[in-house]
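Subject: Structure for you to look through

Hello,

Here is the structure I said I would pass on. Please open it first, then read the notes below with it on the screen.

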Amino acid sequence: MLLDWRAIFGAVAIVGLGWLAGDWSARKTDLRMREELLREAIQVADMISPEVARALTFTRADAGTAAFEEIRARMAAFAGLVPRRSIYSMAIRQGEIVFGPETLDEDDPMSSQPGEVYQQPSPGDWEVLRSGRAFVDGPVTDEYGTFITAVAPVFDPERGGVLMAVGVDIVADEWRARLDAARRPPIIGAGIAALVLLGGMALIRWRTGFPRTGEGRRGHLESALVATLGLLVTAGMFWEAERLKREQWADLFRIEAAEQAGSLRAEFTRYLALVNSIRRFFECSQDVDAGEFRSFVQPMMRETTCRSLLWAARVPAAGRGDTYPVMHAEPRGESGAAIGSDLASDPARLAALSRACDTGRPAAIARPRPTAEGAESTLQLIAPVHDRDRPAATVAQRREGLEGFIVATIDTGDVVNRALRKAMPRGLALKVSELVADGGARALFARAGFPEDPDARFHHTLDFPFADRAFRITCVPTPEFFADPAKQARLWIILPLGVVLALLAAGYMHGVISSRARAEEEKFEMERRLLHAQKLESLGVLAGGIAHDFNNLLMAIQGNLDMAGADLPAGSPARSSVDQAMLATGRATQLTRQMLAYAGKGKAVISPLNIGELVAENARMLRAAIAKNVALDLHIDECVPPVLADPSQIQQVVMNLITNAAEAIGDGPGTVSIATGARECDPSYLNRSRIAKRPAPGRFAMIRVTDTGCGMGRETLEQLFDPFYTTKLKGRGLGMSAVLGIVQAHDGAIIVESAMGRGTSIEVLLPVSAEASDHRDERAPAAGVAPASSEARRGTILVVDDEDAVRNLCAAMVERCGFRTIRAANGKEAVEIFAAQGREIACVVLDIVMPQMDGVATFGALRRIRPDIPVIRCSGFNEEETARHFEGQDFTEFIQKPFHLVTLKEALERMLAGPRP
């Protein structure tokens, strides 16, 4: 399985956190959208004049009336700019909620006719129509579908109460789509992070299934995973910080924009109040002359930016339309219309005069005026003046009682500048537009550079009625609004800081993983070496046991052949056969010695040795040992510091290495190089040794044998020193095993470098000893043993060995030397015999390895009975295996099985000849 529970749990936790973050983002988006929807409903309600709303009956009779069409046009204009598909109105009539003007076409499935009863109103609908409390609700389902709805009231400022309510709908599916869009980024980001985590952990787990030799190529996976996750977290944090910053900027912008748009709307409202005040002045006065007009309007003009105010009286004309000549103007030179000129001469102005007369409310017309700074317009606000003594309830009555018009001329730029002169916000751009019935907007004022397609997040609008028109104030930020280097720096520092932290975390993880990997590698290497050492030790024990038992067999064979050869006459035909058998036993003896050398139990004669001189002296023999097609290249340093070693064993090491190197070259030409020298070795270099036990660091004498042969693969390298492993057809697999045993016995190290097709280099390191020059051969004859003499004592010899054949043969050989023998099959029997006949026994030939009571215990028991008894120790192992048990003991000698008759005879003569102290 490529994944464990920790990776799965981590991925689930990341996805869970992403889901929570997405849900939190969706909730915030939902709240913001509800606030925006409610604000839109309030704006639409605010655009509807209470006077127009009072004219509606909310019956089918409203269809086509001026009030109905005006409200519907304003709704459509707003819906086209937002955009919103459905904006509707409703009111309470006869205890039921009925519909009024709306933006939907009559053939739309969700449309309703004026006066149609709302079958499934919500409690909020009743509440807003009764108490005037605006609300937003949803998703709610009625007979028209499922919607998010915001409803705002239109109040009656004169009589109080709610005239009607305006609703703005969004289809629930569209609403959910926007919430899903807000929820999606955190979830996707978390999903990517989870996939990265799972993929990285899977790669890491997948990597562990490969051999550790490839660890270096895949050793950076953990740090790369941490760096990737860190960068993803940094990107997520930066994205979230950027989003929060944008929201903060948006909130700040909305506050400032709402404040400035409110101020501008209040300024426009002042002009409506101005013309209405002048209108009431005329309705309450009789025959206002020019002086009275001037005296009344001049204070008002000083408080506003109105360019001109004029009075045009109605002059009925028979047979043609009425005329409206200008009677009073202030100021005279800037009126825009000369005294006596007819206002009806301009078709656009005449249409506005007609609308004002028919509705009894002010009307407005806008005239574009190009400027170098952007779009500006001149507004003319026209207010009708009626005879107050005549009724004005109907259009006909208002036309009959019309006396004239008050006309105020305004520059939109002056209005904007006056409204914002005290607190012009830095970085805000304003535009004043007139909403038209087709859903568009006509710019009345805008500075150059106002964006055509502003960001919806930074786009504030305020719609309000102005006379018989609907105006929209749009505020957008300019680049100067966001020019806050300190805040930008605080935000952008997240990226470099996050990257640095991610890289530091990756570096730390790399260090931790590298340390852990090194520790695991060291542990694995130690385990491998331990297992290999245990295997070699087991094989060594096996090889030593085989060699020991084989030596016992060879003892019986060689001893009998030796005595048989001694009994044969010189010309006997059997002499040749015996000699050939003796040669075979000699080779078998050499084989067992190699096995003992591998097991570390070979006989070693330690003495100071210069390995450079040893190799130089044996150069001719080494050349003779290899094939003619192989060149031998010597690089001998004869000044190598001496080591304590057995020369014959070191010579065997060199010979085995040379032979293997030459055979690796094969039949083709090649070169074998031998180099000697000295080098300082630290622990890291010695850790490459193929011997489990590492020598202490220091100075070493070095023998390096390098060949240009075929090299070795990994499998061959692993088994190079295993006993009985060979790649040769006729090999026994003991040469390199003997090398390992000999170097290990000398506390040395072996370092092997090889590759297929590139040859092999084997370096043997032996520790340099400071005591080598003072060393004496520890294998000298034991103290108290006299030199060999031709006249050895005669007497009885006790022969002790558990092997019948070896015991009988050894006794026969002793008897052949002229001694009497007593035979013992084990140590216990030998002690009993010695205790009874010890005074008759001149010497003991004692086998060391015996069951029950071994030779060491038997030797101690014999010496306790008679401390001066000479003992000849014999074993299939070397002397070093038991030498420590006989340190300080006089009158002892050691011979290794298998031995010849002459060897035994000389040992007996040495032990029995000469006086004893």
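**The sheet around strand 4**

Strand 3 (residues 135–142) and strand 4 run antiparallel and are joined by six bridges. Before going further, note that this is a predicted model.

On to strand 5 (residues 162–171), which is antiparallel to strand 4 and joined to it by nine bridges. Here V154 has M164 of strand 5 as its bridge partner, and I148 stands opposite I170 of strand 5. Strands 4 and 5 also form a hairpin, this time with six residues between them. In that turn, G160 has a positive phi of about 80°.

Strands pair in a sheet through backbone hydrogen bonds, and the pairing can be parallel or antiparallel. The sheet in this model is an open one of five strands in the order 2-1-5-4-3, and its pairing is antiparallel. Which strands stand at the edges? They are strand 2 (96–102) and strand 3; each has a single partner strand, so one side of each has no neighbour in the sheet. From one strand to the next, the twist averages 35°.

Is strand 4 mostly covered or mostly uncovered? Strand 4 (residues 145–155) is mostly covered, with eight of its 11 residues buried. Helix 1 (residues 5–47) lies across strand 4, and also across strand 1 (86–93), strand 3 and strand 5. The helix runs at about 45° to strand 4.

**The nonpolar cores**

The largest nonpolar core has 50 residues. The members that touch the most others are F268, I278, F282, L309, L381 and F466. Helix 7 (residues 221–283) gives this core its largest share, 14 residues. Take F268 as a place to start: beyond its neighbours within four places in sequence, F268 is in contact with L379, V415, V432, F464, F466 and F471. Another core, of 40 residues, lies apart from this one, and its members include I626, V654, I674 and I742.

Helix 21 (residues 804–816) is made of 13 residues. From first C-alpha to last it reaches 18 Å, close to the 18 Å expected at 1.5 Å a residue. Its buried residues are V806, R807, L809, C810, A811, M813 and V814. An α-helix has 3.6 residues a turn, so residues three or four places apart point the same way. Keep that in mind when you look at the buried residues of helix 21, including V806, C810 and V814. After the helix comes G818, with a positive phi near 100°.

The buried residues of helix 25 are L901, L904, A907, L908, E909, M911 and L912.

**Two residues in loops**

H746 is in the loop between helix 20 (735–745) and strand 20 (749–754). Is H746 buried or exposed? Its relative accessibility is 9%, so H746 counts as buried, the cut-off being under 20%. Leaving out residues up to four places away in sequence, H746 touches I606, L644, A645, D646, Q649, I650, L766 and P767.

P851 is in the loop between strand 24 (841–847) and helix 23 (855–865). With a relative accessible area of 47%, P851 is partly exposed. P851 and G827 are 24 residues apart along the chain, and their C-alpha atoms are separated by 8.5 Å.

**The whole protein**

Last, some totals. The protein has 25 helices and 26 strands. Of its 917 residues, 47% count as buried. Among contacts with a separation of 6 or more, 69% are between residues 24 or more positions apart. The accessible surface comes to about 44500 Å², and carbon and sulfur atoms account for 56% of that surface.

Regards

Terms used:
Residues are numbered from 1 along each chain as its sequence is written. This is a predicted model: local features need pLDDT of at least 70, side-chain atom pairs count only at pLDDT 80 or more; totals for chains, interfaces and linings use all residues. Side-chain values use heavy atoms; hydrogens and water are left out. Helices (H or I, at least four residues) and strands (E, at least two) are DSSP runs, numbered from the N terminus. The expected span of a helix is 1.5 Å times one less than its number of residues. Buried means under 20% relative accessible area, exposed over 50%, partly exposed in between (1.4 Å probe, protein chains only). A nonpolar core is a set of buried Ala, Val, Leu, Ile, Met, Phe, Trp, Tyr and Cys residues joined through side-chain atoms within 4.5 Å. Contact means heavy atoms within 4.5 Å. Two strands pair if DSSP finds at least two bridges between them. Accessible areas come from the Shrake-Rupley method with a 1.4 Å probe; for residues, only the protein chains shown count as cover. Axes are lines fitted to C-alpha atoms, for helices over the stretch in contact, and angles run from 0 to 180 degrees between N-to-C directions.
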